[in-house]
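Here are my notes on the model you sent over. Have it open while you read.

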Amino acid sequence: MSRIDTALTRLLDIKTPVVCAPMAGASGGALAAQVTDGGAFGFLGAGYDTPDKLQEELSLARSVLRLQSVDRLPIGVGYLAWQLEQSPSRAFELIDIALENRVQAIWLAFGSDLSRWVRYIREYDSRPERNHKTLICVQVSSVQGALVAISDLKTDILVAQGNESGGHGYGSSPSLLTLLSSILADAPKDAPPILAAGGLSDGSQLASLLVLGAAGVVLGTRFLLTPESLYTDAQKRALVAAKSTSTVRTMAFDRVRGTLGWPSGVDGRALYNNTVRDMDSGTDISVVKEQFVEGVRSGDADRMLVWAGTGVGLMSEIKGAKDIVRELHHATIQYLNAASRFVVNKQHEG
Ligand SMILES: Cc1cc2nc3c(=O)[nH]c(=O)nc-3n(C[C@H](O)[C@H](O)[C@H](O)COP(=O)(O)O)c2cc1C
């Protein structure tokens, strides 16, 4: 497979400018490794993991990629910074696990101060006996956030997360096209690779975002519809059945699950169902919670939680992560070639 040459594919030494988002509770070592093995780059979501669970997922990735424990691990680990902030000693333990495994990248998002973790990672890598640089990837939803990540945090990769995104994000975030164009317009010339995230599913979108100036894209929801994702069969079926209008930004599921503590302004995009309806209409939370727990147990799409971006309506099949990467790769090249037809031929000008 030839390389689609962008600043991202050069930096990560990959062929396809696609990143599988870290997805807490959904992207583990198997998914991340298959995405990387397919020629793109996979993150596992460490979100609510214990140190043991994180090590287990990293070992799984290592075995999928047939790597020894001494080898560097060409996947990334994504942390929810607000979770790290809850217990710094546990946070350092969790970050150490990724660093000791020599993962290629660490992703940070959703915290009040990411600099503390960035500094820790940089200092760890600067130890004389260490011969490895961990790339830092920061996800943002505003131009202001992007400029801080580039200038203050000196992030190696920047992800622009638009409003269409599945899972958590800032409700105030503009649509991806507006956000990406605004960030590209204001970013310094020597900015790191900038990736586009939110509502994406296919090669035509990837090609158009590359033309716009992105160095690659981040897909979350698309990779939930794979045998390798940690989503249940019931959740995957709900995603297959969903339409582009099926999602909503809400805090209903976080309130019901008790996963509160997100930075202000963050909510999550998920499939709308009766849990959201009942929370919005003021039904007693203990009643909604009871039905939610039962719905999760029985796989009831009317009650359970399924995070999803607006692109879900374009996804109709569950297929292997590697096949998704392969299809994206070929379709992107096709669309880029087709786009070259529009290049103005000087001879026919004026
Ligand atoms: C199930 C799920 C879990 C997610 N978990 C995380 C996470 O742990 N950390 C994070 O920074 N972003 C997380 N996100 C957001 C992704 O980083 C990314 O912005 C989003 O998936 C892109 O939109 P898309 O899902 O429409 O492709 C999650 C998204 C989904 C769908």
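1. To start with a side chain: is Phe-41 buried or exposed? Phe-41 counts as buried because its relative accessibility is 1% (buried means under 20% relative accessible area, exposed over 50%, partly exposed in between, with a 1.4 Å probe and protein chains only). Phe-43, at 2%, counts as buried too.

2. A word on the basis: this is a predicted model, where local features need pLDDT of at least 70, side-chain atom pairs count only at pLDDT 80 or more, and totals for chains, interfaces and linings use all residues. Residues are numbered from 1 along each chain as its sequence is written, and side-chain values use heavy atoms, with hydrogens and water left out.

3. A backbone N or O atom of Gly-199 is 2.8 Å from a ligand oxygen, and one of Gly-166 is 3.3 Å from a ligand oxygen. On its own the ligand exposes 600 Å², and the protein buries 98% of that (Shrake-Rupley method, 1.4 Å probe).

4. Back to the rings: the whole structure has ten aromatic pairs (centres within 6.5 Å; planes under 30 degrees apart are stacked, over 60 edge-to-face, the rest tilted). Phe-41 and Phe-43 make an edge-to-face pair, with 5.3 Å between centres and 75 degrees between planes.

Note on methods
Polar contact = N/O pair within 3.5 Å; in protein donor to acceptor, adjacent residues only side chain to side chain. Phe/Tyr/Trp six-rings, centres within 6.5 Å; stacked < 30°, edge-to-face > 60°.
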